[in-house]
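Look at the sequence and the 3D model below. The paragraphs that follow go from the overall fold to the inside and then to the charged side chains.

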Amino acid sequence: MTTARTRIFKIGLLFPLFIVLTNCLISYKDHPKILPLPAEEKTNDANFVYVLPTFPQMNLGGREALKNYFQNKTRFKNTVEGVDVPKSGYLVNVKVNYRSPSPEATVFLGISTLTATLLPAWSTQDGYDVQYLLYKDGKKVGTYEYHIFRNYAQWLLFIPISWYNFETATEREVFERMTFKFFEDAKEHF
């Protein structure tokens, strides 16, 4: 009898988790879904150091995307995570600030969560403000700023259309694309 109760208890815990994870829709403004970006050929012998941020909110893959891009997709042969600005080579310090939903949206998101999403909630204001600080040969040569806006909605009735999340860009894809744009914008320094 104990095994049956344990299974029922586990299912009872998994069901609310399933409901919470499948009834929200997330999309990023101005970032349609695309295939992952290919890696560049490793042709640059300069030292390349990158500093990754601690994400201020729940990380949905952004930090991993930054690390993967810097480590595997740039053209630098000598890539390492660190904090010291090299006397010869490059350092990119990434700073990420979470932009919270509006106060009204935060209240409705809280009420929706407390009611197990029986009541709807949405936000169109949250996202990230990201800065790439670029140093070359020990000197700062540029600051590049980007803004990511996210649409978020949750409601119990969204469960049948939760497949929509597979049709939108993920946080990982957005951060990868933004890092690619940073390298395009800063190409005069590389």
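Predicted model: local features only at pLDDT ≥ 70, side-chain atom pairs only at ≥ 80, totals over all residues.

A residue counts as buried when its relative accessible area is under 20%, as exposed when it is over 50%, and as partly exposed in between. K181, at 44% relative accessibility, is therefore partly exposed.

The protein has four helices and seven strands. Read from the N terminus, these elements follow the order α-β-β-α-β-β-α-β-β-β-α. Of the 190 residues, 39% count as buried. The accessible surface comes to about 11,400 Å², and carbon and sulfur atoms hold 62% of that surface. Among the contacts with a separation of 6 or more, 80% are between residues 24 or more positions apart.

What lies inside? In soluble globular proteins, nonpolar side chains tend to be buried together. The largest nonpolar core here has 30 residues, and those that touch the most other members are F48, F70, V130, Y132, F175, F182 and F190. Strands β2, β4 (90-99), β6 (127-136) and β7 (139-154) each supply at least two residues of this core, as do helices α2 and α4. The largest share, five residues, comes from α4. There is also a second, separate core of five residues, which includes V49, L91, L133 and Y135.

Leaving aside residues up to four places away in sequence, F48 touches F70, F76, N78, T79, V80, Y90, V92, F183 and F190. With a relative accessibility of 0%, F48 counts as buried, and F70, also at 0%, counts as buried too.

Several of these residues carry aromatic rings. A pair of aromatic rings is described by the distance of the centres and the angle of the planes. The structure has 18 aromatic pairs. In one of them, the ring centres of F48 and F70 are 5.7 Å apart and the planes meet at 45 degrees, so this pair is tilted. F48 lies in strand β2 (residues 44-51) and F70 in helix α2 (residues 62-73), so the pair links parts of the chain 22 residues apart. F48 also pairs with F183: their centres are 6.1 Å apart and their planes are at 40 degrees, so this pair is tilted as well. Here strand β2 is linked to helix α4 (residues 171-185), across 135 residues of the chain. Both F48 and F183 are buried. Ring pairs join F48, F70 and F183 to other residues in a cluster, including Y50, Y69, Y132 and Y144. Elsewhere, a ring meets a charge: the charged end of R99 sits over the ring of F149, 4.2 Å from its centre.

Side chains of opposite charge can pair when their charged atoms come close. The structure holds nine salt bridges. One of them joins K77 to D45, with the closest N and O atoms 3.1 Å apart. K77 is in strand β3 (residues 76-81) and D45 is in strand β2, 32 residues apart. K77 is partly exposed at 47%, while D45, at 52%, counts as exposed. Another salt bridge is formed by E81 and K67, and R63, K67 and E81 are linked in a network of salt bridges.

The text can now return to K181. This residue forms a salt bridge with D185, the closest N and O atoms being 3.3 Å apart. K181 and D185 are four residues apart in helix α4, so about one helical turn separates them. D185 is partly exposed, with a relative accessible area of 32%.

Note on methods: Residues numbered from 1 in each chain as written. Heavy atoms only, no water. Phe/Tyr/Trp six-rings, centres within 6.5 Å; stacked < 30°, edge-to-face > 60°. Buried < 20%, exposed > 50% of the residue type's maximum accessible area, 1.4 Å probe, protein only. Lys NZ or Arg CZ within 6 Å of the ring centre and 35° of its normal. Core = buried A, V, L, I, M, F, W, Y, C linked by side-chain atoms within 4.5 Å. Contact = heavy atoms within 4.5 Å. Areas by Shrake-Rupley, 256 points an atom, 1.4 Å probe, with all protein chains shown as cover. Salt bridge = Lys/Arg side-chain N within 4 Å of Asp/Glu carboxyl O.
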